[in-house]
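User: Hey, I've never looked at this one before. Can you walk me through it?

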Amino acid sequence: MKTYMRRAGIIGAFLLLIYFIIFMIASWRTGKSFPEGASDQEVLRRKLDRIEKTLNKLTKLIEVSGLKNSTNEVLLNVDQVKEKIVMPKLYPKSILFAQWGDDLSEEDQKEAEGLFQIYGYNTFLSNQLSIDRKLSDTRDKRCLTKNYPRDLPTIGVVLIYINEALSVIKRAVRSIITHTPKHLLREIVLVDDYSTYNDLGKPLQDYIDEIHKERPGLIKKVWHQQQMGLSQSRISGWEHVTADVVAILDAHIETTEGWAEPLLDRIKADRTVVVSPVFDKVHFDDLHVEGYIPSAHGFDWALWCMYESFRPEWLKTGDESQPGKSPSVMGIFAADRLFLGEIGGLDGGMTVYGGENVELGIRVWLCGGSVEVVPCSRVAHIERAHKPYALDLNPSMRRNALRVADIWLDEYKRNVLIAWNLPFKNHGIDTGDVSERRKLREKLKCKPFKWYLDNVYPSLDTWDNLLGYGVLQNALLRSHCVDQGVVPGNIPILYGCHSQEPQALAALPPCRTVSWLN
């Protein structure tokens, strides 16, 4: 503030001198600048009042704007500050503008909101960011001291997308090229699951052509003739990889320095391990990166993914740079290309989205491999506000979860049915032909799911002491059932029976006899 005041004083003194000279010249020439009869002292007082007001305004403007040197710059930025103050919010309820975009014009707000609804993240901002932006290093300091051999396996990276923003795909590709040693990166395979946006045609191909001037033949492009879903897209990418290791990523990612070597080092040591980096979160609104702590990838009985703590033996080491065993993967992983084929690749019977990553994790463990999260490998991943290709993920997720249960979960299939509030028999959901996957399980002599629960995921509650499942019907008013009410976890209420999630419950001891509706 003192600096601003000193600057205001200097500028003010200069202006005072100019005003006084102008006043004297004008008085000498015309003597008519003020009403007739005004004394010289009155004229001078009025002039000084004007100068004082001007200096006061100037001081305030300098304090607001913070500009340093020229009066012109101060006035220019003051206008910008005024625009920020008066700019109306066209979309006050949009989560995109909750913490971002205060200085956008109305036209820019419209463009940003329109792109946000299409992509689920801030494409307007992405289009303005550098394709090769530098991200902060979120790795544990011990990772920086690790040395990896030069003769690691080669890697082919698969990027899956449907109607992704062009700038996001460009940034993903560039980050892979920048942060993967040239002698290790064999190829990048772009799998387009039937995108319909024009900028993913020629504009994307033009970018690929630019890359090929630098690295001839590095990028391969696979385009589906119809939408086939995440699992089949990953299969398509894996089939086009020729490198020793295949890394399957989303296209809305940015790899960071040193991301590949820790993954390749673990696979070189054990070709049966499927590894996953730690995902740092790229916020959907302002695209800043938030580092995540290393965690295992777990799931609930509906097969939704979630983070969990590593095993106690990992925690006891006190070294967060060490790989940790994980029950499952969250969709971004790397594996020995041939080993992945030996255990059945990915299940092409999965549709759209959901469950395919949990299925892979379970199958790897049951059929002779293991899954690890490698903290020294970091990949920044945009967390969408919504998935435009499937606004309601529940139907495909439920169907895929039941398919996994049919093939791999044995008697624990019932827990998946309970989690999705479905009857034990005749649920009416078509999970596709599972005969080939069951034959695969027999061929590989995979372990029973009970072994997985006992040895890999003992923290997953097995619900063995379940007494009943369904909804509680009122004995006097049979059209009404117990419902969780408006506020989940609060006092239950009676509500018209509809058997959906707010009313579905399971009874565990010491519950008494109740009347169940199935």
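Predicted model: local features only at pLDDT ≥ 70, side-chain atom pairs only at ≥ 80, totals over all residues.

User: OK. How many helices and strands are there in the chain?

Analyst: The chain has 16 helices and 17 strands. Those are DSSP runs numbered from the N terminus: helices are H or I with at least four residues, strands are E with at least two.

User: And what share of the residues count as buried?

Analyst: 46% of the 518 residues do. Buried means under 20% relative accessible area, exposed is over 50%, and partly exposed is in between, using a 1.4 Å probe and protein chains only.

User: Which residues have the most contacts inside the largest nonpolar core?

Analyst: They are F333, I362, W408, L409, F449 and Y452, in a core of 54 residues. Helix α13 (residues 394-408) gives the most to this core, with 7 residues. A nonpolar core here is a set of buried Ala, Val, Leu, Ile, Met, Phe, Trp, Tyr and Cys residues joined through side-chain atoms within 4.5 Å. Another core lies apart from it, with 39 residues, including L185 and V379.

User: What does W408 touch?

Analyst: Not counting residues up to four places away in sequence, W408 touches E359, I362, R363, L366, C367, R441, C446 and F449. Contact means heavy atoms within 4.5 Å.

User: Some of those are in α12, I guess. How many residues of helix α12 are buried?

Analyst: 11 of the 11 residues in α12 (residues 356-366) are buried. Among them are E359, I362, R363 and L366. After α12 comes G368, with a positive phi near 110 degrees.

User: Switching topic: how many disulfides does the structure hold?

Analyst: It holds 3, a disulfide being a pair of cysteine sulfur atoms within 2.5 Å. Counting bonded cysteines along the chain, the pattern is 1-3, 2-4, 5-6.

User: Where do C143 and C376 lie?

Analyst: C143 is in the loop between α5 (123-126) and β1 (155-161) and C376 is in strand β12 (residues 370-382), so the pair ties together parts 233 residues apart in sequence. Both C143 and C376 are buried. The torsion about their S-S bond is about -85 degrees, so this disulfide is left-handed.

User: What about C367 and C446, left-handed or right-handed?

Analyst: Right-handed, because the torsion about the S-S bond of C367 and C446 is about 105 degrees. C367 is in the loop between α12 and β12, and C446 is in the loop between α15 and α16, 79 residues apart. C367 and C446 are both buried.

User: And the C481 and C497 pair, how far apart are the sulfur atoms?

Analyst: The sulfur atoms of C481 and C497 are 1.9 Å apart. C481 counts as buried at 0% relative accessibility, whereas C497 is partly exposed at 30%.

User: Last one: which backbone oxygen does the side chain of S231 reach?

Analyst: The side chain of S231 reaches the backbone oxygen of D347, at 2.5 Å. S231 is found in helix α8 (residues 229-240) and counts as buried at 3% relative accessibility.

Methods. Residues numbered from 1 in each chain as written. Heavy atoms only, no water. Polar contact = N/O pair within 3.5 Å; in protein donor to acceptor, adjacent residues only side chain to side chain.
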